[in-house]
Amino acid sequence: MSTPAASIPAAPDSTLGRLRAVTQDWIVNEGQRWIFVVKTLVAAFLALWIAFLLGFDSPRSAMITVFIVALPSSGMALEKGVYRLLGTLAGCAAALAIVGLFPQQPMLLFLALAIWVALCTSGAALMRNARSYGFVLAGYTACMIALPAIDMPTQVFNLAVARVTEISLGILCSALLNDALFPKHQSEQLVQTVRSLYSNFAQLCHDAMHGRLTDEQMERLHLRFATEVAALEANRAAASFEAGDVRTRSQQLHAFNSAAMVTLTTFHTLHRLMQRLRQRGELRVPQAMAPLFDAFSDALLVTDTPARTAAEAGMTRERLAEFRQRLPQLVATARRDFAQQANSPQQLDLDTALELMQRLQQEFADLIAIYHELPGRLTARPERGAANWSYSPKTPGVIALVAGLRAAAALLVLALAWYGLNWPSAGGAVILTVVFCALASSSPFPEQMIRSTTEGFVLAIPFAFVCAFYMLNHVEGYLMLVLSMAPFLAASIYATTWRRTLGIGTGFNLMFAQIIAPENMMRFNVANFFNDSIAQIVGLVLAVLMFALILPEHRQGSRRHIAEALWGETLRLCFGERPQMRQHFESRVRDLLNQLSMGMRGPASAAVRLTLNQAIVLLELGHAILDLRALQARWPAAHAVRAAQENCIAALAAYLRQPLPIRHAQALAATTVAANTLRAHQAHGLIGLDEAATLQRSLTDLHLIGASLQDPSLQAFAAESRITEGSLSHAS
Amino acid sequence: MPREIALFGILMPSLLLVFVLSVALHVGVDWLCGRFGVYRHVWHPALFRLCLLVCIFGALALMLY
C-alpha cells in the first residue's frame, strides 16, 4: 500500500500542491468508497437486467443477493457468495424433502421446518465465521420455499429451481464485478494483519520486560491479541478465495498464529512469576533475571522498534541466534550471583524463571523463523505438514443450542399465528423473523443489529413509495428504470461504507429492492405495497421480541458461559489424549477471550476483568499440566514419582470440575506432596543426568501449578459459582 | 449432444452440467496456479482467473456441440 503522505510534493504551501494533496487524500479515502458504490450498482443492475431478459419470476432476488454479497474486499465477497450458494442449495434440498414428506399436514410440516431451522441456526451460532452464513442460509431458504408451498405442494420444485437460479445469478454478477473491476485485495489486508500482530506482540514483550506496562494495560493487550488472532484467521479464510498463493500458505499462517499464541503464554507466565515476586517484596530473583531480560528485549528490536516486515524479521532472527549463544553464559552468571546470597525457597523461583526464559527463547526463535519465511518461495518451505492446529472459532455449546431453539420457537409460534390470522402478507413477516433470529444469533448485541436494520427498512418505505408510484409508473425501458432507482440506491450503498451507518444502509437496500419489486410487468398496487412493508417491519420487531423474551442471557459474549467454558477446556487437559492439545487449548482460550472482548462495550467492567484474569491464570495452569503430563509418561508405570504426579493431576481435575474451596485445598496439598516426593527422590542422588533434568523440569511445573492455584482470581470464581448455586437452590 | 439431459427424471440443460464440470476443473487449475506461483507473473490475477474459467467452459462446450 502506498502512503499518501509520501507522495505529497515538497512545497505544500503552494496552492497547486495543496490541491494535489487534497485530491490524493480524496482518492485514497472517498474514491475507494465511490468505486465500491459504482461496482455494487453495476452488479445489481446487471443482475436485474439478465433476470428481466430471461424472464425470472422474481428478479428482485438476484438484485438483493448482490446487495447482501457486496463487501469491501473481493475475497470477502467471493467467500460470502460461495457460502450463500452452498447454503441455498442445502436449504432447497431440505425444503424439497420436508414438503415431500408432509405435503398435506401443515402442523407436521411446521414442526419439521422448525427442527431444520434449529439445527441450522445452532450451527451458525457455533461457528461465527463465513461458514455460519451458509448455515443461516440453509435454514431460512428452506422456510422461504416450504412456506409458500403449503397451499400448492406441486409447485415446490419450481419454487426451489427459481430460487437457486436467482441467487446464483446474483452471486455470479457480484463475483464478476467485485473480482475483475478495481479489485480490493484481501491479501493486502492479510499482510497488514500479520505484520501488526507480530510487531504488537514484540513491542508488548519489550515493554513488559522493561517494566513499562501496568497490569491493566497488560489485560487490555491480551484482549487485543485475542482479537488480532481471530482477525488473522478470518482474513486468511477470505483471502484464500482470491487468485493468488494465500491458499497454499494456509499451513504457514496457521503455524504463525499458533506459535504466536504459545509464545505469548510462555512470556506471560514468566512475567506473572516476576510480578508475584515483586508484589511479595522479594526482589532478588527479578534482579538476577534483569540482565537476561535486557539482552532478550534488545534482541527483539530492529533500530528502535520491532521488525515491521518479514524482511526485517531476518535481522531479529540473527540477533536472537546471537542471544541464544550467549544464553548459557548469562544463565551461569545469574546462578552464580544468586548463589552468593541464596536462601533455598527462592532458588526454586530462580530455576523456574530460567527454565521459562529458555523455553521463551526457543519459542520466539520458532515464531520469528516462521514469520521470516512467510513471503519466501514456496518450494523452499519446510514441511511442517500436519504439525499445526488451525484456529477455529467455536461458541460455547449452550449458547448455540439456545440460538437454535429460539429460531425454532419463533418459527413455530409465528407460523401458527399466520395460519390462524389469514393475513396474506404475514408469510413475509414469518420468514423475516426467522432470517433475523438466525442472522443476529452470531452477534453479541442482536437487538442493536436488528434495530439499525429496522431503521433502514422504515427509512426505505417513503422513498420506495415515491420511486414506485411517482417515478416508475412513467418509466419506459430498462435505462429509465435504472435512472429512477439508482440515485436512492447509490446513497444507501454509500452509507454502507461507513461503519456507523452500515446496518441502516443495508436495511434500506434490501427493503427498497424488496417492496419496489421490479418486474417485467410492473404491478402498481398500493394496498399490497403497504401490506408488504408493514409485514416486513412486523417481522423485524418480532425478531427483537424473540431475543428479548427467550433466554435473553444466553447470547454471544455472555461472560458466565465463557468462564464456564474456560474451566471446561482446562479440565479436558487433565485427561484428554489427542495430538496438539497445547495448540488446541491455546486457540480455544484465545477464541473465548475474543468472544469476551466482542461482548464488551466501553471499558472492561470488574467482572469482565476477573474472567480475563482467570483465563490468563488457567492458560498458565493448563500449560503446566500438559508439560507435567508429558514428563510423567517418561517414568515407569508404578514408580513413586509417577504416582505422586498422577495424584496431583487427579486432584487438579477434581478441582477444575467443581471449583469448591475444599477441592482447592486438596489440589494445593496434592501439589505440595508431589513436589516433596520429587525432591526426596532428587536427594537420593542415585539418578542419571536425564532423569535429573526431567525431575527439575517437573518441579518447575509443580511450582507453577502451585503459584497459579494461589492466584486470587481462581478463588473468586469459586465464590461466584457458589453464589449462583445458592441462588438456584433458593429459587427451587 | 442433446440440448437437455434427463437426470433422475428432471430435464437439465446440458450446458449447465458442462458449466458445473468446468467450474470443478477450474478449481483444480486455480489451485495449481497458486501452488506454482503463476499468479505472481500475471498483471491482473483475478482477470486471468476469470479468463481461465471462460476458456475452460468454452473449450468444453465447443467440444460437445
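Two residues are taken to be in contact if their C-beta atoms, placed from the backbone, lie within 7 Å. Helices (H or I, at least four residues) and strands (E, at least two) are DSSP runs, numbered from the N terminus. The structure is a predicted model, in which local features need a pLDDT of at least 70 and side-chain atom pairs count only at pLDDT 80 or more, while totals for chains, interfaces and linings use all residues. Residues are numbered from 1 along each chain as its sequence is written, and chains are lettered from A and ligands numbered from 1 in the order in which they are written.

The model scores ipTM 0.90 and pTM 0.87. Within chain B, confidence is lowest in strand β1 (residues 4-7), with a mean of 79, and highest in helix α2 (residues 45-64), at 90.

Chain A is divided into domain 1 (28-180 + 395-549), domain 2 (187-387) and domain 3 (559-731), with bounds that come from an automatic or database domain assignment. The C-alpha centres of domain 1 and domain 3 of chain A are 47 Å apart. Contact between these two domains involves five residues of domain 1 and six residues of domain 3. On the domain 1 side, the residues touching domain 3 comprise four nonpolar, one polar and no charged; here Ala, Val, Leu, Ile, Met, Phe, Trp, Tyr, Cys and Pro count as nonpolar, Asp, Glu, Lys and Arg as charged, and the others, Gly among them, as polar.

Helix α18(A) (residues 526-549) has 24 residues and should span 34 Å, in agreement with the 34 Å between its end C-alpha atoms. A residue is buried if 20 or more other C-beta atoms lie within 10 Å of its own, exposed if 12 or fewer, and partly exposed in between, with C-beta atoms placed from the backbone. The buried residues of α18(A) include D532(A), Q536(A), G539(A), A543(A) and F547(A). They pack against α13 (397-421), α14 (426-439), α15 (446-471) and α17 (502-516) of chain A. Just after α18(A), L551(A) adopts a positive phi of about 45 degrees.

An α-helix has 3.6 residues a turn, so residues three or four places apart point the same way.

R128(A), with phi near 60 degrees, lies between α4 (106-127) and α5 (130-146) and counts as buried because it has 23 C-beta neighbours inside 10 Å. F182(A), with phi near 40 degrees, is found between α6 (156-180) and α7 (186-209); with 13 C-beta neighbours inside 10 Å, F182(A) counts as partly exposed.

Chain B follows the pattern β-β-α-α along the sequence. Its radius of gyration, 15 Å, is well over the 11 Å that the globule rule gives for 65 residues, so chain B is more spread out than a compact globule. The radius is taken over C-alpha atoms, and the rule is 2.2 Å times the number of residues to the power 0.38. The C-alpha trace of chain B spans about 45 × 20 × 15 Å along its principal axes, and 12% of its 65 residues count as buried. The contact between the chains takes ten residues from chain A and twelve residues from chain B; the chain A side divides into four nonpolar, three polar and three charged residues.

Definitions and conventions
Expected span 1.5 Å × (residues − 1). pLDDT = per-residue confidence, 0-100.
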